[in-house]
Amino acid sequence: MESKLPHVGTSIFSQMTGLANQYQAINLSQGFPEFDAPDFLKTRLAQYSEQGFNQYSPSSGMSALQSQIAALVARRYNQTVEPESTVTVTSGATEALFVAIQAITQVGDEVIVFDPAYDSYAPAIELAGGKAIHIALRAPDFRIDWQQVTNALSDKTRAIIINTPHNPSAKIISQSDVAQLKNLLIKHNLLLISDEVYEHMTFDGQRHFSALLDEEIFARSFVISSFGKTFHCTGWKMGYCVAPKNLSAEFRKVHQYVTFSSFTPAQLALADMLKEHAEHVDELAQFYQQKRDTLVQALQPSRFEILPSEGTYFLLLDYSAISQLDDVAFCEYLVKEVGVAAIPLSVFYDMPPEDKIIRLCFAKHTDTLLRAAEKLCSL
Ligand SMILES: Cc1ncc(COP(=O)(O)O)c(C=O)c1O
């Protein structure tokens with residue numbers, strides 16, 4: 001049978017986690033928290049299941065959760081969204097991204113993707129019969145050249161995907177980028193898929209730009225987020241999409257045939273968590289900033305060059321002063337010989353540059369971060 005995704009193999013994330021287990025290395029590769037979800041959330045999940053909330057939810061989500069998501073949007077971004085018609089609960093941000101892409105991409109359509117990019121975007125575009133147009137952003141500042149973006153547009157361009165705060169660069173889109181993006185979206189009648197799964201993790205007082213903040217941008221956007229990131233429960237695969245009514249209607253047509261609905265007791269537990277523990281979201285930036293600072297400080301004596309992390313739970317390190325190996329080989333060496341698993345930056349590119357950069361995840365206990373840093377400082 002001819003593969004629909006001939007270029008796709010086992011992801012580097014699974015490979016690195018496999019190697020980390022095999023070599024008992026400290027796993028700073030895959031992006032998931034080492035700590036558990038809040039007790040309140042786990043207790044509510046168990047209670048709702050015990051109480052018999054174990055059947056399908058409405059396809060667009062339990063209204064209690066839709067309302068709490070709308071309340072979160074109002075609190076964080078001062079925007080009013082109508083929960084019933086614009087908020088759809090999904091099985092993780094990955095499902096939401098897939099559905100949004102399927103909903104808008106016709107055969108032959110082009111979708112602009114900025115590399116380094118989260119690995120699900122391009123396959124989802126290809127499965128829809130579209131073409132991902134990759135625009136490479138280069139380290140260390142990963143700046144978007146908007147002239148290059150304009151040059152990449154064609155009469156087939158349907159949408160732009162952005163991710164801010166950005167995995168893996170840990171950069172936040174700037175105010176001037178937002179202005180240029182808005183300009184292009186309106187001038188060329190494009191849609192925006194805004195992947196905001198790290199929306200609550202911005203550091204040093206920097207503000208997150210959400211597509212929800214600007215009415216004209218939101219009018220053409222799918223804004224996607226993940227409870228897995230926000231509440232340390234990536235294994236629950238719970239997320240959501242907020243989009244204007246007309247776009248949500250198309251989104252829901254696809255969503256109902258991908259999963260129909262998402263895990264009912266988790267929806268109810270998350271609704272309670274958002275309602276009764278708003279402080280968890282508000283304190284998340286501080287929580288992760290401390291972890292970033294711990295890791296950055298512990299790595300100061302090392303020979304790595306530390307790139308600035310403005311948001312997310314990732315940190316990039318340039319190892320040019322340490323090794324001439326390419327980044328995949330260097331990560332293999334790190335996991336086998338040094339005892340730390342990391343992710344090579346090149347895997348996030350369609351056309352990888354020859355940078356010598358690795359990504360570490362700092363959603364780990366302080367002790368884990370310090371032990372990993374000690375090993376890295378020995379290089
Ligand atoms: C940029 C980005 N988008 C989406 C996701 C997927 O989120 P979820 O686990 O909710 O599907 C991730 C997870 O790593 C991510 O880093």
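Biologist: What volume does the second largest pocket have?

Modeller: About 500 Å³. Keep in mind that this is a predicted model.

Biologist: Which residues are closest to the centre of the second largest pocket?

Modeller: G31, T94, Y118, K229 and K237, out of 25 residues that line the pocket.

Biologist: And which elements give two or more residues to that lining?

Modeller: α1, α5 (92-104) and α10 (227-230). Of the elements, α5 gives the most, with four residues.

Biologist: How do the residues of that lining divide into nonpolar, polar and charged?

Modeller: Nine are nonpolar, eleven polar and five charged.

Biologist: Why does the second largest pocket lie between domain 1 and domain 2?

Modeller: Because both domains give residues to its lining: domain 1 covers 12-37 + 280-377, and domain 2 covers 55-276.

Biologist: OK, on to the other one. How much space lies in the largest pocket?

Modeller: About 650 Å³. The lining of the largest pocket has 23 residues, and H7, V8, D119, P123 and V347 are the closest to the centre.

Biologist: What is the make-up of the largest pocket's lining, in nonpolar, polar and charged residues?

Modeller: 14 nonpolar, five polar and four charged. For the second largest pocket, the division was nine nonpolar, eleven polar and five charged.

Biologist: Changing topic to the whole chain. How many helices and strands are there?

Modeller: The protein chain has 15 helices and 13 strands.

Biologist: What does the C-alpha trace span along its principal axes?

Modeller: About 55 × 55 × 50 Å.

Biologist: And how does the radius of gyration compare with that of a compact globule?

Modeller: It agrees, because a compact globule with 379 residues would have a radius of gyration near 21 Å and the protein chain has 20 Å.

Biologist: What percentage of the residues count as buried?

Modeller: 58% of the 379 residues.

Biologist: Last one: of the contacts with a separation of 6 or more, what share comes from residues 24 or more positions apart?

Modeller: Those residues account for 76% of such contacts in the protein chain.

Note on methods: Residues are numbered from 1 along each chain as its sequence is written. This is a predicted model: local features need pLDDT of at least 70, side-chain atom pairs count only at pLDDT 80 or more; totals for chains, interfaces and linings use all residues. Side-chain values use heavy atoms; hydrogens and water are left out. On a 1 Å grid over the protein atoms alone, a cavity is a set of points where a 1.4 Å probe fits but cannot get out, and a pocket is an open set with protein on both sides within 12 Å along at least five of seven lines; lining residues have an atom within 4 Å of a point. Grid points are joined across faces, edges and corners, and a volume is the space filled by probe spheres set on the points. Ala, Val, Leu, Ile, Met, Phe, Trp, Tyr, Cys and Pro count as nonpolar, Asp, Glu, Lys and Arg as charged, and the others, Gly among them, as polar. Domain bounds come from an automatic or database domain assignment. The radius of gyration is taken over C-alpha atoms; the globule rule is 2.2 Å times the number of residues to the power 0.38. Buried means under 20% relative accessible area, exposed over 50%, partly exposed in between (1.4 Å probe, protein chains only). Contact means heavy atoms within 4.5 Å.
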